[in-house]
Amino acid sequence: MDIQVGDIVKLKKQHPCGAKEWEVLRIGADFRLKCKGCGHQIMIARRQVEKNVREVVRGED
């Protein structure tokens, strides 16, 4: 899966604030994601992100 820093990804489940879109801030063994709804940041395992991504909305080019 080709996900880059700055991309916006839609996940299967929504955040408790109601948003499904997350901005990718860091990539490695873990991803740092920032909720586009409330700004909450999480660290999540690469495997889990790749499993739960519905689509990559856009990237900064």
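1. The protein chain contains one helix and five strands, arranged from the N terminus as β-β-β-β-α-β. Helices (H or I, at least four residues) and strands (E, at least two) are DSSP runs, numbered from the N terminus. This is a predicted model, in which local features need pLDDT of at least 70, side-chain atom pairs count only at pLDDT 80 or more, and totals for chains, interfaces and linings use all residues. Residues are numbered from 1 along each chain as its sequence is written, and side-chain values use heavy atoms, with hydrogens and water left out.

2. The C-alpha trace of the protein chain spans about 25 × 25 × 20 Å along its principal axes. Of its 61 residues, 28% count as buried (buried means under 20% relative accessible area, exposed over 50%, partly exposed in between; 1.4 Å probe, protein chains only).

3. H15 sits in the loop between strand 1 (8–11) and strand 2 (21–26). Leaving aside residues up to four places away in sequence, H15 touches W22, C35, C38 and H40 (contact means heavy atoms within 4.5 Å).

4. How many disulfides does the structure hold? There are zero, a disulfide being a pair of cysteine sulfur atoms within 2.5 Å. For C35, the closest cysteine sulfur, in C17, is 3.5 Å away, and therefore too far for a bond. C35 is buried, with 2% relative accessible area, whereas C17 is partly exposed at 41%.
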